[in-house]
Amino acid sequence: MSSLIDFRTCPTTGLKVDRAAEKLIKANAVAAVVFLAIGGLFGLLVALTRWPAVHFLPADMFYLALTAHGLDVLLVWIIFFEMAVLYFASAILLNSRLAGPKWAWTGFGLMLSGALITNVAVLQGQSSVMFTSYVPMMAEPPFYLGIILFAVGALIGCGVFFGTLVVAKREKTYEGSVPLVTFGALTAAIIAVFTIASGAIILIPTLLWSLGLVSHIDPIIYKTIWWAMGHSSQQINVSAHVAVWYAIAAMVFGAKPLSEKVSRTAFLMYILFLQLASAHHMLVEPGFSSEWKIFNTSYAMYLAVLGSMVHGMTVPGSIEAAQRARGLTKGMFEWLRKAPWGNPAFAGMFMSLVFFGFIGGISGVVMGTEQINLIMHNTLYVPGHFHGTVVAGTTLAFMAITYILVPLIFRRELVLRKLATWQPYVFGIGVAGISVFMMGAGTLGVARRHWDMTFADAILPFDYPSAAFLMMGLNGIFAVMAALGGLMYVVIVVGSVFFGRKLAEDEKPSYPEVPPDSAAVGHYGSSESLKIPGTAFLVGIFFVAFVLYYFVNWKYLSEIWPLS
Amino acid sequence: MNEKDSPDQNESSDSGHQDQIPLMQQLLDNPFLLLVLGIAVPAVFYIIWGIIEITQIPIAD
Ligand code: HEM
Ligand SMILES: [Cu+2]
């Protein structure tokens, strides 16, 4: 069978590359970038509208743009890119053929048509229900239909991933356990199956309801099951971008995980517990018991957070170990100072790690605490938090690995290299800015998903403190910066894919540098050394920040509810 | 973090060595078992338990 498959050998890593898998990776990655461009533009329009001095869009267009933004970036960009990651982590890293490329193309076709159908529905203006589409708000039927088709397509993609794991094992294309990056992708795929099943359970009846075939959908049941999809899908992202961190560490430094066992156990924590945190979306619903809320969002979630903290330590730790083995042993931080900060793959990955931990991670734990959640539930703090996770974390990590994938998979030299070295900083700092300022405004009470923070036409007037207006102005400025960084990414990727110099079959790309020991990305095996004082110090800073911020919020809660 | 039960040992994939592979590693090497766990745990603790609580909310009259 496998003799009929068309393989090439990667001149950089020595991996065997199934050309069918390669084509699918390209198609999914290109679709992803196109929707990131569209969705990012909507994001800019939303942010400009929430900038009080600009207040760009009229109210109805604001809600339309906000729906399109959430949909195109959170679902379409990320999931298309994740399909590319799944095919890369299975077929390519396992030296295997892809199981059922025809199925994979069917999945791709469904995802693309679904994304287009839902986008058209949103742009027509009768479906501005936000991507959460809470009932009893009703969108036009094509809105739901498109999302369902998209999800079915993604489910097929997961099936192809599992199929490829089986094929690779049967055809003995690898020995022992799968590489860690593949294991991380497996974690993402498992969570994806739960996510998509939950989505189908709730969105199919909702489609029938909007067609008039079902009379009633219970709002609280809808919300509960919808978030089994909505929250879990964020955990697909976390698993996928952690896998991408490990992949970049391996491909830029030849770094091996500090301990395969520890890292895999951390992924197992994700598989078992991460999805339970869906309950944090229900923390203000009176219908659930505190037992249910606290078990799901605290006890269980802390185990998953533990997983993230393990990755947060072992990824930079593995880089430190690899750098020290290369002789960069001076002091605590020579390994980090002399890291390739001009390599956009590394710079993007490292910022993704830091911002995900400090901004997205800490705020997530704070919001997941039932009591302090009440300070910021449904305020702009929430989008502030998840722009820290899903934009500064996931999106930046995906951007970073693109700089390696374009030369290796698209076989084109990168164009505009100077711009590429700047891109992660412009985007990363822009996004960190919008995350922090939205969190700041949210702490002052500013609502999310709200067109006019001055309440100009409200019967009962209300004024936010002027600091809140300042926050939203700063948010606007950093949004422009983030959008610029996003545009730079799109220009570099599209420019390279279509106009970059074609690489010959056995030619190694000249940029960014991928050393021969990058082949570590496709192997099982832990690093020899565990000497990571620099990383230990950074982790210490993280814990201090975490604890301080957590208790500041309890203090703040006590001031909101004077009990004495 | 000792390495004694990792690469070399599991490279011999003939079934005679199966029982020397630690239990935890057998679990981590079994994608379908992980899949079942990854669906069952949230289905029970979040969805089923959650829905049971919703059905017990008294209905106003
Ligand atoms: C140029 C970059 C971006 C900017 C300037 C931006 C800005 C914003 C702003 C201002 C909001 C509205 C908050 C509100 O009024 O409730 C928002 C919402 C949102 N953003 Fe972004 N964003 C960007 C990129 C992204 C990316 C890449 C993702 C996902 C990967 C993302 C996911 C979301 C989601 C899910 C919402 C919530 C929509 C809703 O409430 O229905 N954003 N964004
Ligand atoms: Cu969530």
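Helix 7 of chain A passes helix 8 of chain A in a left-handed crossing (the near helix is turned anticlockwise from the far one by less than a right angle). Helices here are DSSP runs of H or I, at least four residues, numbered from the N terminus. The model is predicted, so local features need pLDDT of at least 70, side-chain atom pairs count only at pLDDT 80 or more, and totals for linings use all residues. Residues are numbered from 1 along each chain, chains are lettered from A, and side-chain values use heavy atoms, without hydrogens or water.

Helix 7 spans residues 260-273 of chain A, and helix 8 spans residues 290-325. They pack at about 150°, with axes 8 Å apart. That makes helix 7 of chain A roughly antiparallel to helix 8 of chain A (angles over 145 degrees count as such). Helix 7 of chain A brings residues including Phe267(A) and Tyr270(A) to the contact. Helix 8 of chain A brings, among others, Leu303(A) and His311(A). Contact means heavy atoms within 4.5 Å. By class, this contact has 11 nonpolar, 5 polar and no charged residues. Ala, Val, Leu, Ile, Met, Phe, Trp, Tyr, Cys and Pro count as nonpolar, Asp, Glu, Lys and Arg as charged, and the others as polar.

Now turn to the second largest pocket. It is lined by 42 residues. Gly40(A), Gly43(A), Leu44(A), His69(A) and His387(A) lie nearest its centre. Helices 1, 2, 12, 13 and 14 of chain A each supply at least two lining residues. Helix 1 of chain A gives the most, with 10 residues. The lining of this pocket divides into 31 nonpolar, 8 polar and 3 charged residues. A pocket is an open set of points on a 1 Å grid where a 1.4 Å probe fits, with protein on both sides within 12 Å along at least five of seven lines; lining residues have an atom within 4 Å of a point.

Note on methods: Axes are lines fitted to C-alpha atoms, for helices over the stretch in contact, and angles run from 0 to 180 degrees between N-to-C directions. Angles under 35 degrees count as roughly parallel, over 145 as roughly antiparallel, 65 to 115 as roughly perpendicular and the rest as oblique.
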